[in-house]
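Hi everyone, thanks for coming. Let me put the model up and walk you through a few places in it.

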Amino acid sequence: MSKLIVNNCQRLYGKTEIKSAKNAMLPLIAACILLDFEVGFYNCPKISDVLVMLEIIESLGGKYRFEGDVLFVDCSALYLYEIPCELASKIRGSVFMLGPLIARFRKALATMPGGCKIGERPIGLHLDCFKKMGVEIGMGEHLYLRADNLQAKTITLPFKSVGVTENLIMLGCLTDGETTILNPAREPEIVCLCEFLKLFGAKIKGEGGNKIVIQGVKKLRKSSVIFKPVADRIETGTLLLAGLSVGCEMELSGVNYVHNFNLIKKVFNNTCKMCFYSDKIYLKSSGAGKGLGYIKTAPYPYFPTDLQSPVMAYATTLNGTTVIEETIFKDRFSVASELNKMGANVTIRGNVATVNGVNSLTGQEVTASDLRGGASLIIAGLKAEGKTVINNLEVIDRGYYKIENKLKALGAKVERI
Ligand code: EPU
């Protein structure tokens with residue numbers, strides 16, 4: 001098990017480039033199952049969730065290789081439709097492969113997907129939507145999906161699910177007729193997936209809005225493409241919050257600030273200066289600030305659940321109170337007790353966390369239990385007095401590529417052991 005040692009940091013200073021988003025890369029890798037030729041992706045982070053998705057591709061008969069940070073995936077020889085249990089159970093992203101596998105083979109076999117421990121993560125809505133499109137589902141130890149008669153349908157989602165929207169888009173691409181998704185999720189990673197598929201002749205309209213229409217085609221056309229996925233807005237947000245926490249002068253490049261607009265609106269105050277130009281965000285901050293008031297997580301374009309733990313860490317030392325309501329995942333507050341060990345004052349009642357700002361945090365030995373909670377402990381560690389030891393660095397590696405190098409480039413004293 002790896003640990004991250006984080007020493008108190010007075011200020012972050014420097015420049016760093018943001019990689020392609022984890023939550024864009026996972027569905028994009030799944031979408032390769034729809035293609036019987038090789039495609040490439042620029043700036044791909046070699047994070048463990050991406051590597052597990054690639055292992056699944058390989059286990060199904062596909063191939064992949066990295067040339068520097070360009071990832072090439074070739075599913076031309078893919079011939080299996082069973083996602084191995086031990087890989088499926090490692091990541092939630094494995095569920096994104098079901099739609100493309102059904103589209104390609106008209107069948108799929110899998111087990112329940114795994115993922116971060118942030119509360120129950122059912123897949124019932126994925127299965128209900130597949131059923132509506134004519135997929136027969138057998139459930140026992142394994143999940144058997146078979147579609148002898150796939151039918152395009154109009155499907156109204158009862159709530160905005162990112163993964164379900166992505167699965168339906170991928171399945172709809174190769175289903176005869178018009179698939180319509182009403183009340184879809186609108187995340188930039190979904191728009192990115194659609195832009196990618198359209199390069200090969202997929203007929204999709206309305207992504208990013210409240211109605212997505214997919215006109216099925218027989219086959220997606222070959223095109224020699226190296227695609228640039230959308231930048232990781234959660235990595236961007238995490239680094240901005242780290243900078244705001246300790247004070248900084250830093251520039252993040254390769255980003256689209258519009259995707260972080262909701263965070264920026266919340267945290268911007270007269271102790272910091274932010275500039276946006278081209279694909280860069282420049283942030284200068286003295287590290288102080290007032291409590292943030294009320295924050296409620298909600299699907300894009302509202303405040304992202306994935307930045308809820310990092311913003312909690314930021315709020316621990318602000319002057320005043322921040323109240324955070326988590327509406328997407330029930331158990332996403334597990335980091336609060338670790339922050340409290342470090343001297344924070346966070347109380348949880350149901351799905352609401354109240355953070356009363358304290359003057360300082362103290363370095364402690366703490367444990368990351370989920371990806372974004374782990375990132376939040378790094379932010380806390382940077383501003384805590386002394387040294388913080390974060391156990392279980394592996395969960396942070398799921399979504400942040402060599403986080404220690406990025407922090408070192410910004411002048412932090414951190415070490416992986
Ligand atoms: N849900 C159901 N049934 C389903 C599917 C989802 O009840 O069949 C519930 C979930 O339990 C959750 C809500 O619906 O309460 C929304 O889940 P959604 O399906 O939108 O989440 P996801 O597709 O599994 C993606 C991201 C998550 C991110 C959420 C919400 C990827 C690989 N994962 O998950 O990212 O938190 O959308 O924005 O895209 C992370 O990066 O740390 C992370 C967890």
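The residues lining the second largest pocket split into nine nonpolar, three polar and two charged. Here Ala, Val, Leu, Ile, Met, Phe, Trp, Tyr, Cys and Pro count as nonpolar, Asp, Glu, Lys and Arg as charged, and the others, Gly among them, as polar. A quick word on the source: this is a predicted model, where local features need pLDDT of at least 70, side-chain atom pairs count only at pLDDT 80 or more, and totals for chains, interfaces and linings use all residues. Residues are numbered from 1 along each chain as its sequence is written, and side-chain values use heavy atoms, with hydrogens and water left out.

Back to the lining: α9 contributes the most, with four residues. A pocket is an open set of points on a 1 Å grid over the protein atoms alone, where a 1.4 Å probe fits, with protein on both sides within 12 Å along at least five of seven lines; lining residues have an atom within 4 Å of a point. Helices are DSSP runs of H or I, at least four residues, and strands are runs of E, at least two, numbered from the N terminus.

Now to Glu325, which sits in strand β18, residues 321-325. What does Glu325 touch, leaving aside residues up to four places away in sequence? Its contacts are Tyr294, Ile295, Lys296, Thr297, Asn351 and Val352, a contact being heavy atoms within 4.5 Å. As for Arg349, 24 residues away along the chain, its C-alpha is 9.7 Å from that of Glu325.

Last stop: β1 (residues 3-7) and β22 (residues 387-391) run antiparallel, joined by five bridges. Leu4 has Ile390 as its bridge partner in β22.

Conventions. Two strands pair if DSSP finds at least two bridges between them.
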